[in-house]
Amino acid sequence: MNEVVVVKADTRKAMSHFVSLPRRLYAGNPYYVPDLDIDVRATFDPKKNAGLEFSDIQPFVAYDSNGKCVGRVAAIINHRANEKWNVKMVRFGLIEFIDDLQVTSALLDAVETWGVERGMTHIQGPMGISDFDKEGMLVDDFDEMGSMISIYNPPYYPRHMESLGFEKEVDWVSFHIDVPKAVPDKFARVTQLVQKRFQLSFRKMSKGELLEGGYGKRIFELLNMAYSPLFGFSRLSDRQVDDFLKQYIPLVDPRLITGVEDCEGRLVGVAITTHSLSNALHKSRGKLFPLGWYHLLRSLKWKHEGKVDLMLIAVHPDYQGMGVNALFFADLIPIYNQLGITLAETGPQLEDNIKELSQWKTLNPKTVKRRRCYRKEIKKIN
């Protein structure tokens, strides 16, 4: 390739190239699960992405000498996160590129330059604005089906990062868990003990309670407390919470959400799981029309995929390490069996978050899909 030109995706044509590039890169790949085009576009719309109230974002696209789109990336500065963690970090996200190191280098150079112009000293990614955006580049298990909450990429992606001098900052790991036919004895015993000792009870919530009854906001208040110490996290604003509730509550099956309350009605723990939409999204190719909506609705309502995504588990800091997690499994495992769910996949979890990782041991988890956040100091640009 003789020349690579990287430009801001600030026109309708360039943004169309940004959105559609993955369909060409992953054509025929049986493991890739796309984002919906409308969700990608919404990322850059201040009216639809509340995170832009405290973040800057700039999409870029790369073209070869023939004018063909060969890469894309979004440069992101989350000012709230930078202030919390006392860093001057520009993030890169939504990155895709052909297997040509010149393209990858040009894309990341554009992010670095954009970051330096705004006073940044380091670059990291892949990351989004919030901790609930997809993050971490896949570094193994490229022959495993992706999910709607995590990044999939080909094996050459991490090789390019290392060639360009990027180093590991953190890794996330996921687990596959075969759903047992009954609640393991250990969880049953711990559940009884914890409920009695702390006077805890299960709380199932309807969609109405989640959206309008205040429980959705209570869940996110809990997440803000529980996740605060985790890498890269910044507190979600009220408007972000509202956006997430509107986006995700219509997709959830309330039976797959378990809350735990104390004797005063305080929400002290929550587990949110969803029916897997991986196959439906794969068939949609990122488009709701003409038939993408049908594949999604079919998986949600009529023919589940027999798998759930364990999107998140959060426990109030006052109750962490006290066995509250056992209550989630005691409630959810029978429901999974009733619904014919045989496999669960966790979301990405930090490899050094021992408390979170240890909760799966009783379920004989299989580690899959390691993902990595890379980091590099930005060289001064003359």
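D141 is partly exposed, with a relative accessible area of 27%. The structure described here is a predicted model. D141 lies in the loop that connects β6 and α5. Its phi is positive, at about 55°, although D141 is not a glycine.

N86 also has a positive phi, near 55°, and is likewise a residue other than glycine. N86 is located in the loop between α3 (residues 79-85) and β4 (residues 89-97). Its relative accessible area is 72%, so N86 counts as exposed, the limit for that class being over 50%.

P126 belongs to the loop that runs between β5 (122-125) and β6 (137-138).

G165 sits in the loop between α5 (156-163) and β7 (167-178). With a relative accessible area of 38%, G165 is partly exposed. Along the chain, G165 and T121 are 44 residues apart. Their C-alpha atoms are separated by 15 Å.

T274 is placed in strand β10. Its relative accessible area is 4%, so T274 is buried; the buried class requires a value under 20%. Leaving aside residues up to four places away in sequence, T274 touches M148, V252, L256, K307, V308, D309 and M311. Strand β10, which holds T274, also gives two or more residues to the lining of the largest cavity, described below.

The overall form of the chain was examined next. The protein chain contains 13 helices and 14 strands. Its C-alpha trace spans about 70 × 45 × 40 Å along the principal axes. A compact globule of 382 residues would have a radius of gyration near 21 Å, and the chain agrees because its own value is 21 Å. Of the 382 residues, 54% count as buried. The chain exposes about 17700 Å², and carbon and sulfur atoms supply 51% of this area. Contacts were also sorted by sequence separation. Among those between residues at least 6 apart in sequence, 77% join residues at least 24 apart.

Empty space was then considered. Rolling a probe the size of a water molecule over the atoms shows where such space is left. A search of the whole structure gives two cavities of 30 Å³ or more.

The largest cavity holds about 140 Å³ of space. Its lining consists of 16 residues, and those nearest its centre are L310, F329, Y336, A344 and L363. Elements that contribute two or more residues to this lining are β10 (267-275), β11 and α12. Helix α12 provides the largest share, with five residues. By class, the lining has 15 nonpolar residues, one polar residue and no charged residues.

The second largest cavity has a volume of about 90 Å³. It is lined by V19, S20, P22, R23, Y32, P34, D35, D37, V40, R72, R285 and G286. At least two lining residues come from each of α1 (12-25) and α2 (37-42). Helix α1 gives the most, with four residues. Here the classes divide into five nonpolar, two polar and five charged residues.

Pockets are open, whereas a probe placed in a cavity cannot get out. The second largest pocket contains about 600 Å³ of space. Of the 26 residues in its lining, G321, N325, K355, E356 and Q359 are the closest to its centre. Two or more lining residues come from each of α6 (185-198), α8 (215-226), β11 (307-315), α12 (324-338) and α13 (354-358). The lining comprises 14 nonpolar, eight polar and four charged residues.

Terms used
Residues numbered from 1 in each chain as written. Predicted model: local features only at pLDDT ≥ 70, side-chain atom pairs only at ≥ 80, totals over all residues. Heavy atoms only, no water. 1 Å grid on protein atoms, 1.4 Å probe; cavity = no way out; pocket = protein on both sides within 12 Å on 5 of 7 lines; lining within 4 Å. Points joined across faces, edges and corners; volume = space filled by probe spheres on them. Nonpolar A, V, L, I, M, F, W, Y, C, P; charged D, E, K, R; others polar. Rg over C-alpha atoms; globule rule 2.2 N^0.38 Å. Buried < 20%, exposed > 50% of the residue type's maximum accessible area, 1.4 Å probe, protein only. Contact = heavy atoms within 4.5 Å. Areas by Shrake-Rupley, 256 points an atom, 1.4 Å probe, with all protein chains shown as cover.
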